[in-house]
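Try each task before you read its solution.

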Amino acid sequence: MATMTPRTLSGFMELLPKPQQQMERMMEILRRTYALYGFTPLDTPVIEAAEVLLAKGGGETEKQIYRFQKGDADLALRFDLTVPLAKYVALHYNDLSFPFRRYQIGKVYRGERAQRGRFREFYQADIDIIGDGRLSITNEAEIPAIIYKTFSTLGLRRFQIRVNNRKILNGFYAMLGLTEKSGDVMRTVDKLDKIGPEKVKSILVEDVGVSPAAADEVLSFIAIGGGNQAVLAALEGYQSRSAVFDEGLEELRTVVKYLSAFGVPEENFAVDLTIARGLDYYTGTVYETTLLDHPEIGSVCSGGRYDNLAEYYTEKQLPGVGISIGLTRLFYVLGEQGLLNPDLPTAPADVLILPMTEDLSAAIALATQLRENGIRTQLHCEEKKFKQKISYADKLGIPYVIFLGEDEIAGGVVACKDMATGEQTKLEPAATIYRIKAGLAERETGTVILEK
């Protein structure tokens, strides 16, 4: 029989054990952080009926979706976690309590061109808060605190959460008579960081049909800066000309007002009028988070407020606010930049027991005792040379190796070697457990990400 050459499809990430452990650490931090803010975990099917996923389809979504037939069923792989959430809330509306706060970390699929840092199968980590008819602005003010807590716990310090409000933009464009073109204008302005103001103006004038004078006003408006309070003060000069603008400004003031109470330092937060989020989906506060020392990475966490999550599935008004982290891409670029902490344990076990006797009862009992104390333990009972067994522990990075022979069993002690220092002790099992736990705690003091 011919042997097939194994291969992984382009655009699909497949990690070796060590980086997989690093990825799992990041996911666990996200889960713990989201849980701190009262979010419940949720999992939705990877495969849905194509008509459900494409209720708001068309355009790029329909081009990128993985769609296939199974019998008479027209099926598709989910391309994000938001559409399945909309279906879930509409379907289970009567069983949920609102506001409904959920987090989900799961794989999504997009059939776009695979390239460096861009994948066809990738993890997204989302949180959303869904209201029933109404949703307090306080939820929009809390989102930056969740972003700050998440990235700080991962080990990042030099990042900035940039915030704007779509109502401010819509109101301003209405003042200029650009309401019908506001969507195109926002999508163009959203490219400012990538293509610069001259190219943005060129597109606004030549492609969108904005007059040169109005394009200059747009660029002048979004260039307002000088700190959060300075931006808010400058925006007050546009008040009373548009009810939508005034509403957006009041919402933005509220978000900024609660920042310090939510524990977000001012250096990690900026009102930025260039942030629009290209999707018409967003209707209020919008967020983008960037790493200050790595602007080439782009936004690592984005999202915003939307007025009606499930409008394609129910007549009920379900407003919400949410953010999404492209976890696979973030992990990839952090690894590429050398920012993943190499010193944190990535071994599958804390202890490797090497039985030195034919009867394995004592070794099995010790392994059981260690596991009952929360120590991940592996028994190595293969018929290999002693040197190969030690090499096995070394390659996997297992921090402690226990040798259990006749002398140790008879003396009621355990021979334990610290693989990092080479120190070896012979202590009673309880003392050995204490030593191992103390050593493990010391090894766990670092963060997943190390900023340079």
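**Exercise 1.** Where is the place of threonine 346, between which helix and which strand?

*Solution.* A word on the source: this is a predicted model, where local features need pLDDT of at least 70, side-chain atom pairs count only at pLDDT 80 or more, and totals for chains, interfaces and linings use all residues. Residues are numbered from 1 along each chain as its sequence is written, and side-chain values use heavy atoms, with hydrogens and water left out.

Step 1: Threonine 346 sits in the loop between helix 12 (327-336) and strand 12 (351-355); helices (H or I, at least four residues) and strands (E, at least two) are DSSP runs, numbered from the N terminus.

Step 2: Threonine 346 counts as buried because its relative accessibility is 14%; buried means under 20% relative accessible area, exposed over 50%, partly exposed in between (1.4 Å probe, protein chains only).

Step 3: Leaving aside neighbours within four places in sequence, threonine 346 is in contact (heavy atoms within 4.5 Å) with Lys18, Gln21 and Gln22.

**Exercise 2.** Find the largest nonpolar core and say where it lies.

*Solution.* Step 1: This core has 79 residues, and Phe151 and Phe221 have the most contacts inside it. A nonpolar core is a set of buried Ala, Val, Leu, Ile, Met, Phe, Trp, Tyr and Cys residues joined through side-chain atoms within 4.5 Å.

Step 1: Helix 5 (residues 137-154) gives the largest share, 7 residues.

Step 2: Domain 1 (14-130 + 308-340) and domain 2 (156-302) both contribute residues, so the core lies between them; the domain bounds come from an automatic or database assignment.
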